[in-house]
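The sequence and structure are shown first.

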Amino acid sequence: MTARPLAILHVLAPADVGGLETVVRTLATGHSAMGHSVEIAAVLDVASNPFVEEARDAGLTVHVIDSPPRSFLPERRGIRALLARRSTDVMHSHGYRSDILDIGVARGMRVPSVTTLHGFSATDRKARAYEWIQMRAARRASAIVAVSTNVADKLIRSGARPESVHMIRNAIASASSSTDAPAARDRLELGAGLQIGWIGRLSSEKGPDVMLEAMAQLADLDVTLSFIGDGPDRTALTQRAEQLGIAQHVRFHGRIRDAASFLRAFDVVALSSRTEGTPMVILEAMSAGVPIVATRVGGVPDMLSSHEALLVPSEDPTALAGAIRSALTEPAASAERASRAHARLIAEFDTHAWLAQYETLYRSIQPAIATANR
């Protein structure tokens with residue numbers, strides 16, 4: 001007997017771009033293509049943002065819930081109304097705000113819920129407090145997804161029941177849609193010489209400051225560092241590049257739509273994070289076949305070994321610079337690692353199995369009566 005399609009509602013307070021947002025869009029489009037009824041609730045204090053626009057461009061139904069800063073009742077009322085409007089089989093929340101505010105709404109309406117913990121990135125007391133509250137709120141969900149072993153371990157240590165925690169690592173389609181190298185360099189207006197790419201939010205947990213310190217040790221090379229992304233530290237990073245005397249070798253591109261498609265512009269993609277879950281930029285680089293240098297944090301060692309990338313400790317710009325230098329000056333070895341990384345992506349991180357894992361989890365938390373009627 002063919003299982004009936006599920007009605008799924010994803011809930012998040014999306015940033016303009018980011019790994020969490022990419023995961024939600026990929027889950028929604030993938031499960032829609034499989035025949036499920038998928039909608040997204042985006043909690044915003046503006047009318048729209050790039051995530052909403054891209055999701056709608058992909059044919060997804062997105063409901064924007066207007067919720068002013070520090071005002072929580074409009075969000076809870078909006079989620080309750082969406083859950084009541086149709087017979088929702090699963091509410092899937094993403095991010096600390098949605099977990100804290102909305103899992104309880106679903107529970108009160110007896111709607112099964114899943115939360116995906118995309119990683120822990122707190123670097124200050126306030127953020128750590130939010131994460132502590134989020135982990136407590138996540139325990140009320142029907143199931144919790146951890147994207148890496150370190151996230152799963154932290155959840156269980158915090159008091160989550162081991163049987164409620166499911167490890168499902170992020171995934172990406174192995175058929176890359178990246179623009180070829182010359183065209184990508186033209187689109188990014190990059191000149192001649194070697195190119196280092198860095199993609200992410202310009203904030204402490206991603207370690208862009210560490211990347212700049214490493215770049216200062218590569219000044220003898222004909223190399224340019226491109227930061228793609230934006231965030232609260234951009235001004236400070238621009239000033240630091242000037243202080244280090246490397247401003248002419250550093251480009252701040254800001255946010256670029258579909259940034260992953262330009263990865264082949266770079267000779268190496270660098271990740272300098274202090275903390276991570278399963279970073280999407282690493283999967284995107286694996287898909288594009290670009291050499292990777294990354295800090296050995298969070299779920300990164302679950303994704304890559306020294307056979308597929310150069311891994312270094314966090315908070316060590318000298319080690320990061322040395323690995324990048326090796327990747328740039330030994331292109332044959334770098335190409336071999338990139339090829340092995342792409343093969344590992346196909347074997348372990350392709351979206352087909354990932355979507356099936358989530359579908360199986362969604363069905364496993366359905367009430368027994370509904371299951372019996374299928």
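A crossover is called right-handed if, with the strands pointing away from the viewer, the path from the first strand over the helix to the second runs clockwise. In this predicted model, S11, H10 and S12 form a β-α-β unit of that right-handed kind.

Strand S11 comprises residues 268-271, with Val268 and Ala270 pointing one way and Val269 and Leu271 the other way. On both sides these residues are buried. S11 pairs with two strands, as set out below.

| Strand paired with S11 | Sense | Bridges | Residue pair |
|---|---|---|---|
| S12 (residues 292-295) | parallel | 3 bridges | Ala294 with Leu271 |

The largest nonpolar core contains 59 residues, and Ile40, Ile282 and Met286 have the most contacts inside it. Helix H10, spanning residues 280-288, gives the most to this core, contributing 7 residues. In soluble globular proteins, nonpolar side chains tend to be buried together.

Which residues does isoleucine 282 contact, leaving aside its neighbours within four places in sequence? Ile282 is in contact with Leu271, Ile292, Ala294, Met303 and Leu304.

Another core lies apart from the largest one and has 29 residues. Met215, Leu218, Leu225 and Ala323 are among the residues of that other core.

Definitions and conventions
Residues are numbered from 1 along each chain as its sequence is written. This is a predicted model: local features need pLDDT of at least 70, side-chain atom pairs count only at pLDDT 80 or more; totals for chains, interfaces and linings use all residues. Side-chain values use heavy atoms; hydrogens and water are left out. A nonpolar core is a set of buried Ala, Val, Leu, Ile, Met, Phe, Trp, Tyr and Cys residues joined through side-chain atoms within 4.5 Å. Buried means under 20% relative accessible area, exposed over 50%, partly exposed in between (1.4 Å probe, protein chains only). Helices (H or I, at least four residues) and strands (E, at least two) are DSSP runs, numbered from the N terminus. Contact means heavy atoms within 4.5 Å. Two strands pair if DSSP finds at least two bridges between them.
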